Structure formats: structure tokens, C-alpha cells
Amino acid sequence: MSDTATPRAARPRSPMAPPRSFLWTRRIVLTLLTGFVLLPVYVMVSGSLKPLEDVSGKFEWIPSGFTLRPYADIWETVPLADYFVNSIVVSGAATVLSVAVAVFAAYAVSRYAFRGKRVFTVTVLSTQMFPGILFLLPLFLIYVNIGNATGIALFGSREGLVLTYLTFSLPFSIWMLTGYFDSIPRELDEAAKVDGCGPIRALFRVIVPAARPGIVAVAVYAFMTAWGEVLFASVMTNDTTRTLAVGLQGYATQNDVYWNQVMAASLVVSVPVVAGFLLLQRYLVAGLTAGAVK
């Protein structure tokens with residue numbers, strides 16, 4: 001063995017390495033945070049696999065038995081399939097419209113100078129300062145008056161709910177995509193123009209592919225905003241257009257609450273969002289980071 005070789009255990013610690021007390025403290029804190037996050041998930045999963053009589057009483061951390069019956073009953077107790085379709089249609093339409101409008105608006109704000117540009121950007125950003133409940137009554141009155149005057153039924157319809165969700169997701173989407181477009185070098189636009197591309201063609205051939213992470217992040221944000229919203233969905237919908245977030249209230253009756261079915265339905269409702277987040281996580285993190293840094 002060479003004289004210069006030093007056993008691994010005897011090697012001195014790097015002066016830049018954190019102390020052992022910090023490492024152990026970090027491990028303990030991360031373990032506690034992980035348990036804090038996973039505890040509600042365990043309660044939900046275990047509760048969804050219990051009979052109703054086992055869930056209604058004192059909670060048992062270790063169930064005595066399991067059953068898959070709640071996952072079959074959730075589709076019969078309430079019309080969950082109809083609520084599922086309504087949520088997919090509303091959330092999908094709100095996402096597509098939000099991304100489409102935000103791409104054009106953010107491209108115009110990022111690449112062109114026009115009169116009222118500063119007022120527009122400040123107005124878009126200032127809408128995020130107000131709580132959403134302030135818009136509930138004005139939107140309700142607007143939809144009712146439009147229906148009375150023109151016969152267009154926005155109140156209680158999917159279309160009206162889509163427009164409602166656009167008022168929340170669109171300002172943030174424009175603001176975020178503007179920051180992302182600003183981070184894309186303008187030399188790409190100039191190169192596209194040299195190749196004969198007009199503004200619209202340059203947008204879709206050059207800018208949109210380069211801004212894919214930001215666009216995906218905006219799409220995920222718009223979809224999650226519409227998918228889990230409760231307040232406006234409970235007021236702006238009726239029995240035929242009710243979404244999942246509101247439809248879960250149907251498992252509570254005047255006499256009892258089907259807790260096992262509520263937890264089972266909650267897990268089923270969470271599957272599309274969780275699956276989409278896991279599939280698009282790489283783009284989502286990149287888009288949020290780039291937009292936030294810019």
C-alpha cells in the first residue's frame with residue numbers, strides 16, 4: 001500500500017462540509033415533514049377500505065378488515081360519472097382557452113411595444129390581489145342579466161363556468177408566460193424573420209417550442225385551478241352541470257355521512273391530477289423556475 005493512501009474512515013472532513021449535527025437535524029426534520037404529509041393520505045386510504053360502521057366510530061389506526069365495496073358504491077350513491085364528465089369538460093376547456101389566449105397575449109407583451117402596454121400588464125397583475133369571492137356576486141348578476149336579455153344561458157351551464165375559471169387562470173397565465181417569453185433570446189425571432197417567417201409563424205415555429213416548459217406549467221396551473229374549485233362551482237352550476245368538487249357533498253345526507261365513500265371518491269378524483277403532475281413534473285419544474293427567476 002502506498003504511504004500516501006489514507007483509509008476512508010480516517011480521511012479528514014472537508015472544511016466546506018456541514019457539521020454532523022446539521023445533517024442529523026435535517027434528516028429528523030425531513031422525516032417529520034414526510035410523516036406529516038403522508039399521515040392524511042394514510043387516513044384517507046385506510047378509511048376508504050373500511051366498512052361504514054368502522055369509519056363512523058372511533059378511528060382505528062390498524063384496521064381489523066378491508067373491503068373494496070366503497071369503491072363500487074361511490075358510483076351508485078351519487079352520479080359520480082356525470083360529475084366526472086363535467087369536471088373533465090370544464091377543466092379541459094378552461095385549460096385550452098387559457099393557454100391559447102395567454103400565448104398570444106404574452107407574446108404581444110413580450111415582443112411588441114404598444115400604447116397602454118404598461119397599463120395592461122399592471123392591470124393583469126393587479127387582478128391577483130383580490131380574493132375570488134369578490135367576483136362571485138358580479139359574475140352571478142352578469143350571467144343572469146345576459147340570460148334574461150339574450151337567452152344565452154351562462155348561469156348553470158358549463159360554458160359559464162369555463163368563462164368564470166378564465167377570470168382566475170388567464171391573468172396569472174399571461175403574467176407567467178410573459179416572463180418566460182422574455183427569457184427567450186430575440187435573436188431567434190430575427191432568425192425566423194430572415195427565413196421568411198411572419199410574426200404568427202415565428203411564434204408557432206420558434207417561440208412556442210422553446211417555451212414548452214412554461215406553457216406546460218401554465219396548462220397544469222389552469223387545469224388544477226378549475227379541477228378543485230368549489231365556491232363558484234357550487235353557485236354557478238345545477239344538478240346537471242355539477243362538478244366533482246361539489247358533487248362530493250352528495251355523500252353527506254341529513255342522517256349520516258358515508259365517510260368511507262367520501263374518502264374513496266376523493267382518491268378517485270385525485271388520480272387524474274396526480275397522474276398528470278407526475279407525467280409533466282419535469283416540464284412543470286422547469287417552467288415555474290424560469291418564470292419565477294425572470
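## Crossing of α4 and α7

In this predicted model, helix α4 and helix α7 cross in a right-handed sense. The axis of α4, which spans residues 80-111, and the axis of α7, which spans residues 158-182, come within 6 Å and cross at roughly 35 degrees. Sorted by class, the residues that form the contact of α4 with α7 comprise 21 nonpolar, six polar and three charged ones.

## Packing of α3 against α13

Helix α3, made up of residues 69-77, meets helix α13, made up of residues 259-279, with axes that come within 9 Å and cross at roughly 90 degrees. Because angles of 65 to 115 degrees count as roughly perpendicular, α3 and α13 are therefore described as roughly perpendicular to each other.

On the α3 side, the contact is made by Pro-70, Tyr-71, Asp-73, Ile-74, Trp-75 and Thr-77, while α13 contributes Asn-260, Gln-261, Ala-264, Ala-265, Leu-267 and Val-268.

## Phe-277 in α13

Helix α13 also holds Phe-277, whose relative accessibility of 35% means that Phe-277 counts as partly exposed, since that class lies between the limits of under 20% for buried and over 50% for exposed.

Along the chain, Phe-277 and Met-224 are 53 residues apart, and in the model their C-alpha atoms are separated by 9.7 Å.

Technical notes:
Residues are numbered from 1 along each chain as its sequence is written. This is a predicted model: local features need pLDDT of at least 70, side-chain atom pairs count only at pLDDT 80 or more; totals for chains, interfaces and linings use all residues. Side-chain values use heavy atoms; hydrogens and water are left out. Axes are lines fitted to C-alpha atoms, for helices over the stretch in contact, and angles run from 0 to 180 degrees between N-to-C directions. Helices (H or I, at least four residues) and strands (E, at least two) are DSSP runs, numbered from the N terminus. Angles under 35 degrees count as roughly parallel, over 145 as roughly antiparallel, 65 to 115 as roughly perpendicular and the rest as oblique. Contact means heavy atoms within 4.5 Å. A crossing is left-handed if the near helix is turned anticlockwise from the far one by less than a right angle, and right-handed if clockwise. Ala, Val, Leu, Ile, Met, Phe, Trp, Tyr, Cys and Pro count as nonpolar, Asp, Glu, Lys and Arg as charged, and the others, Gly among them, as polar. Buried means under 20% relative accessible area, exposed over 50%, partly exposed in between (1.4 Å probe, protein chains only).
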